[in-house]
Amino acid sequence: MYRTNLQKNIVIPSLIIIASVALGCIAVPEGAKAVLTFLKQELFNSFSWIYILSVAFFFLFLVVLCLGKLGDIRLGDDDEEPEYSFFSWLCMLFSAGMGIGLMYFGVAEPISHLSAPLHSMASPVVQTKEAMLNTLFHWGIHAWAIYGIIGLSLAYFGFRYRLPVTIRSGFYPLLKHRIYSTPGTVIDILALCATIFGLTTTLGFGAMQLHAGLREIGALSGASFQSLVFIILLSIGAAVLSSISGVGKGVRYLSQGNLILAISLMLFVLLTGPTVYILAAFTENIGYYLTHIVELSFRTFAYESTKEEWFTSWTIMYWAWWISWAPFVGLFIAKISRGRTIREIRRLRPADPDCLQPALDDCLRQRRHLDGCTDGRHADTGSRGNRPPLIPVPQPAAASCHHIAYSHPGHRDLLHHVGRFRHIRHQLHRLAG
């Protein structure tokens with residue numbers, strides 16, 4: 001008999017919601033557009049400050065994790081090594097989190113800001129710097145903070161508490177065992193709907209980008225709905241094929257090719273363009289961004305009502321886009337980050353080009369091994385088999401392994417949680433039974 005891990009109480013309500021929205025847009029496009037536009041404007045106008053404050057909190061929280069000793073916590077067993085090489089991991093992070101959007105908006109957004117400047121009375125030099133500043137802000141650290149907070153919570157509770165790697169598990173500190181009841185189901189339904197709507201946004205942007213490029217080079221004669229549908233179906237087919245082949249093969253190889261092409265394009269522009277000017281402007285833009293990062297993080301234009309339209313059309317739209325995309329990207333980040341530390345995930349986000357150099361440097365690091373701490377049971381789902389709980393009843397070998405692992409400064413303070421983890425595991429087993 002065919003078995004699936006899809007849960008009907010989550011999938012069916014989600015499909016009903018998604019189908020209702022889709023059919024409504026198809027049946028009455030103008031009416032649906034008016035309703036959705038009204039809801040978006042009301043949400044953005046009334047709750048824009050929540051978007052700003054939440055993303056700023058995510059950013060500051062992850063900075064604290066990165067700088068503190070909690071950053072040494074490994075997402076998985078304490079002696080577990082990463083499943084993917086650093087370069088493959090970096091490629092998949094880049095492709096999942098940014099990818100096609102960065103290729104388009106990395107050029108289009110600063111030009112848009114420059115053509116319709118935020119501060120129209122400023123000098124051309126200031127307008128140029130502001131255009132690059134806002135682009136770096138929208139595509140920089142804060143976007144990855146949204147992804148990171150989801151990815152870290154899922155990876156931590158999934159790989160260390162042995163909870164399901166779903167969005168509901170991130171609410172375990174608040175809901176406890178209720179994540180397996182109605183509140184957890186509602187959370188997963190909302191996350192699935194947000195993921196689908198976020199995917200359609202990105203897919204729509206990507207299809208229009210590719211369609212415009214093909215028309216520009218003469219491959220397409222003009223704009224047509226049929227060509228857009230063909231591009232979307234082709235993209236979906238490629239995504240399905242890569243998913244069927246597995247993360248370790250199709251997704252990894254496509255991601256590596258994607259990043260190699262992106263780096264090649266960057267080097268082409270750098271070497272064939274005004275190289276010295278590009279490097280000098282890049283250096284100044286990074287400094288300008290870091291200088292204003294605190295101000296940008298909390299900017300709401302509360303005292304400049306004339307700029308609210310720009311604010312909701314750009315910053316809030318981006319934050320809402322990243323948040324809708326976060327469940328999907330966060331799940332993927334958690335999947336590929338097993339065996340890495342919290343500090344690695346937060347520190348090495350490929351949000352800006354300047355992170356490529358530390359990435360290349362870090363490729364030379366040697367893998368650490370704890371001799372005598374593996375007993376052949378360290379395996380996850382899929383090719384790894386069934387892994388025992390993180391805090392089992394200590395066996396002699398396991399006890400020595402935990403002794404070595406928790407002797408690390410970042411784990412020493414967690415020893416007093418062992419008893420609590422065992423109790424949680426016991427309660428989860430009772431619920432599962």
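This is a predicted model: local features need pLDDT of at least 70, side-chain atom pairs count only at pLDDT 80 or more; totals for chains, interfaces and linings use all residues.
When neighbours within four places in sequence are left aside, Tyr147 is in contact with Gly97, Trp322, Trp325, Ala326, Val329, Gly330 and Ile333. Ala145 lies in helix α6, which covers residues 141-159, and this residue counts as buried because its relative accessibility is 0%. Not counting residues up to four places away in sequence, Ala145 touches Phe58, Phe59 and Leu62. The C-alpha atoms of Ala145 and Leu60 are separated by 8.7 Å, although the two residues stand 85 residues apart along the chain.

The structure holds 6 salt bridges. In one of them, the side chains of Asp77 and Arg162 meet with an N to O distance of 3.1 Å. Asp77 belongs to the loop between α2 and α3, whereas Arg162 belongs to the loop between α6 and α7, so this pair ties together parts that are 85 residues apart in sequence. Asp77 is buried, with a relative accessible area of 8%, while Arg162 counts as partly exposed at 26% relative accessibility. A salt bridge also joins the side chains of Arg338 and Glu80, again with 3.1 Å from N to O. Because Arg338 lies in the loop between α13 and α14 and Glu80 in the loop between α2 and α3, the pair ties together parts that are 258 residues apart in sequence. Both Arg338 and Glu80 are buried. Glu284 forms a salt bridge with Lys129, in which the closest N and O atoms are 3.5 Å apart. This pair links distant parts of the chain, with Glu284 in helix α11 and Lys129 in helix α5, 155 residues apart. Glu284 is partly exposed, with a relative accessible area of 48%, and Lys129 also counts as partly exposed, at 25% relative accessibility.

The structure holds 0 disulfides. Of the cysteines, Cys25 counts as partly exposed at 30% relative accessibility, whereas Cys66 counts as buried at 17%.

Val294, by contrast, lies in helix α12, covering residues 293-297, and is exposed, with a relative accessible area of 57%.

How values were computed:
Residues are numbered from 1 along each chain as its sequence is written. Side-chain values use heavy atoms; hydrogens and water are left out. A disulfide is a pair of cysteine sulfur atoms within 2.5 Å. Buried means under 20% relative accessible area, exposed over 50%, partly exposed in between (1.4 Å probe, protein chains only). Helices (H or I, at least four residues) and strands (E, at least two) are DSSP runs, numbered from the N terminus. Contact means heavy atoms within 4.5 Å. A salt bridge is a side-chain nitrogen of Lys or Arg within 4 Å of a carboxyl oxygen of Asp or Glu.
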